[in-house]
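We'll take a walk through the fold, one piece at a time.

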Amino acid sequence: MSTVSVQLGPRSYDIHVGRGLLDSLGSTLSKLTGGRYALVVTDESVAPHYGERTRESLVHAGFQTDQAVMPPGESTKSLEHLSSLFDLLVDRHADRRSVVVALGGGVIGDLAGFAAATYARGVPFFQVPTTLLSMVDSSVGGKVAVDHPRAKNMIGAFHQPL
Ligand SMILES: NC(=O)c1ccc[n+]([C@@H]2O[C@H](COP(=O)([O-])OP(=O)(O)OC[C@H]3O[C@@H](n4cnc5c(N)ncnc54)[C@H](O)[C@@H]3O)[C@@H](O)[C@H]2O)c1
């Protein structure tokens, strides 16, 4: 595994690059958060490939977890889908020890990241990018957003991942 450290003072984080890292997601998150609940946000194209391995890794590390499986595509970066994530977080009594995990491409990373930036005024956020664009671009830098119906990325925040 290679690690790239992003130095941002108290918001610094590490990027882990390597094969098979998904299986250590739970133990990595457990060390970082000590938390008990993880909401995994993913989409219908990604979930069949990586959803179960992600769940197993989190459960093995002691997390309670849910998966919010969104339709694939840019239209998922909407206030409507954001609201469905807030509903789930409220239902589960998620708090600042909970973590939101984005398992997908840039659409899922931006949506899940904005949910994490705004729910309870900010909860921890972790990125598991599954497209090349999301690996090298959108998962790095902390820009998160949903689209306004008339303006892309217009409702957003800066929220660095763990
Ligand atoms: N936050 C930022 O700094 C930043 C930077 C660049 C782009 N973006 C945003 O990223 C989005 C585009 O991201 P994207 O190109 O990753 O698109 P995407 O997230 O829509 O993914 C593209 C397609 O690939 C599928 N997919 C994802 N991973 C897969 C896998 N491993 N195997 C098979 N299919 C897979 C998805 O279901 C989707 O249908 C845009 O909304 C853009 O605004 C954000």
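First, the ground rules. This is a predicted model, so to speak of a local feature we need pLDDT of at least 70, side-chain atom pairs count only at pLDDT 80 or more, and totals for chains, interfaces and linings use all residues. Residues are numbered from 1 along each chain as its sequence is written.

Let's begin with strand 3, residues 37-43; helices (H or I, at least four residues) and strands (E, at least two) are DSSP runs, numbered from the N terminus. Is strand 3 enclosed or open? Seven of its seven residues are buried, so the rest of the structure largely encloses it. Buried here means that 20 or more other C-beta atoms lie within 10 Å of a residue's own, exposed means 12 or fewer, and partly exposed is in between, with C-beta atoms placed from the backbone. Tyr 37, Leu 39, Val 41 and Asp 43 point one way, Ala 38, Val 40 and Thr 42 point the other way, and all are buried.

Now look at who sits beside strand 3. Strand 4, residues 64-70, pairs with it in the parallel sense over seven bridges; a pair of strands needs at least two DSSP bridges between them. Within that pairing, Ala 38 stands opposite Thr 65 and Val 40 has Gln 67 as its bridge partner. To get from strand 3 to strand 4, the chain goes through helix 2, and this β-α-β crossover is right-handed, that is, with the strands pointing away from the viewer, the path from the first strand over the helix to the second runs clockwise. Strand 5 also pairs with strand 3 in the parallel sense, over four bridges, and there Ala 38 stands opposite Val 99.

Zoom in on Leu 39, which lies in strand 3. It counts as buried because it has 25 C-beta neighbours inside 10 Å. Leaving aside neighbours within four places in sequence, its contacts (C-beta atoms, placed from the backbone, within 7 Å) are Asp 66, Ala 68, Leu 88, Leu 89, Ala 94, Ser 98, Val 100 and Val 101.

Step back to helix 1, residues 25-33, where the buried residues are Leu 25, Gly 26 and Leu 29. Seen down the helix axis, they fall within an arc of 90°, so they line one face of helix 1; the arc is taken from the directions from the axis to the C-beta atoms. Those buried residues pack against strand 3, helix 2 (47-60), strand 5 (99-104) and strand 6 (125-129). Just after helix 1, Gly 34 takes a positive phi of about 60°.

Most residues other than glycine have a negative phi. His 93, though not a glycine, has a positive phi of about 55°; it is found in the loop between helix 3 (79-91) and strand 5, and counts as exposed because it has 8 C-beta neighbours inside 10 Å. Asn 153, also not a glycine, has a positive phi of about 60°. Asn 153 has its place in strand 8, residues 151-158, and with 14 C-beta neighbours inside 10 Å it counts as partly exposed.

How values were computed:
Contact = placed C-beta atoms within 7 Å.
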